[in-house]
Amino acid sequence: MGVFLGTHENRFDAKGRISIPAGFRSVLKTQQTEGDALMILRPSHTLPCVEAWPAVAFARLTEPLDRLDMFSDEHDDLAAALYADAYPIDPDREGRIILPDFLREHAGLAESPTAAFMGVGRIFQIWEPQAAQQRRAEARQRSRRVSIPAANGAEPKGRNA
């Protein structure tokens, strides 16, 4: 299974289309199941960006809903948060998509001539380029304080060990 790597900036064309980076399209195609859209776009819960999920990864994201009472407020809230603003999308033959207006607005892209595609492993994000640059800088700074526990519960090895 491939992952989304790197940050790539692309330009919106006169019709509002933007190309998904070729490497990202390749990863999406390896994970696509026949009959499913290439990806699901949705606004991030916590960041001013658009998340792009391979359909199979989005299906895994929504699995916890099955463990909730389908008539509960919790189920309704989570279902609305996950599904109501999610858009399945397939690019055209040249790999271009049109972002729905509300997603462009959520990410601060309504007037931007370009967008930054930022790989974050299992998904990628679409950002206003300056906001993406700021996000990467903040993440690098904060990640210096993160230590990942060892898989078997042992003390982590590295700088803090």
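# Stops along a predicted chain

Select residues 86-131: this stretch is 20% helix and 35% strand, and its end C-alpha atoms lie 22 Å apart. Helices (H or I, at least four residues) and strands (E, at least two) are DSSP runs numbered from the N terminus. The model is predicted, so local features need pLDDT of at least 70 and side-chain atom pairs pLDDT 80 or more, while totals for chains, interfaces and linings use all residues. Residues are numbered from 1 along each chain as its sequence is written, and side-chain values use heavy atoms, without hydrogens and water.

**Whole chain**

Zoom out and colour by secondary structure. The chain has 5 helices and 8 strands, in the order β-β-α-β-β-α-α-β-β-α-β-β-α from the N terminus on. The C-alpha trace spans about 55 × 45 × 30 Å along its principal axes. Of the 161 residues, 36% count as buried (under 20% relative accessible area; over 50% is exposed, in between partly exposed; 1.4 Å probe, protein chains only).

**The sheet**

Six of them form an open sheet in the order β1-β7-β8-β4-β3-β5, with antiparallel pairing (at least two DSSP bridges between two strands). Go to the edges: β1 (7-11) and β5 each have a single partner strand, so one side of each has no neighbour in the sheet.

Next select β7 (residues 114-119) and β8 (residues 124-127), an antiparallel pair joined by 4 bridges. Look here for F117, which faces I126 of β8. Then bring in helix α5 (residues 129-143), which packs on the sheet and touches β1, β7 and β8 (contact means heavy atoms within 4.5 Å).

**Strand β4**

Which strand is largely enclosed by the rest of the structure? Select β4 (residues 50-54): 5 of its 5 residues are buried, so the strand is largely enclosed. Both of its faces are covered, with V50, A52 and P54 buried on one side and E51 and W53 buried on the other.

Stay on β4 and look to each flank. Strand β3 (residues 39-43) runs antiparallel to β4 and is joined to it by 5 bridges; the two form a hairpin with 6 residues between them. On the other flank, β4 and β8 pair in the antiparallel sense over 3 bridges. Centre on E51: R42 stands opposite E51, and the bridge partner of E51 in β8 is Q125.

**Aromatic rings**

Show the side chains of Phe, Tyr and Trp. Rings (for Trp the six-membered one) pair if their centres lie within 6.5 Å; planes under 30 degrees apart are stacked, over 60 edge-to-face, the rest tilted. That rule gives 7 aromatic pairs. One of them is Y87 with F102, a tilted pair at 5.6 Å centre to centre and 55° between the planes. Y87 lies in strand β5 (residues 87-89) and F102 in helix α4 (residues 101-106), so the pair ties together parts 15 residues apart in sequence. Y87 is partly exposed at 35% relative accessible area, and F102 is partly exposed at 30%.

Finish by selecting F4, F24, F117 and F124, which form one aromatic cluster.

Methods: Axes fitted to C-alpha atoms, helices over the stretch in contact; angles between N-to-C directions.
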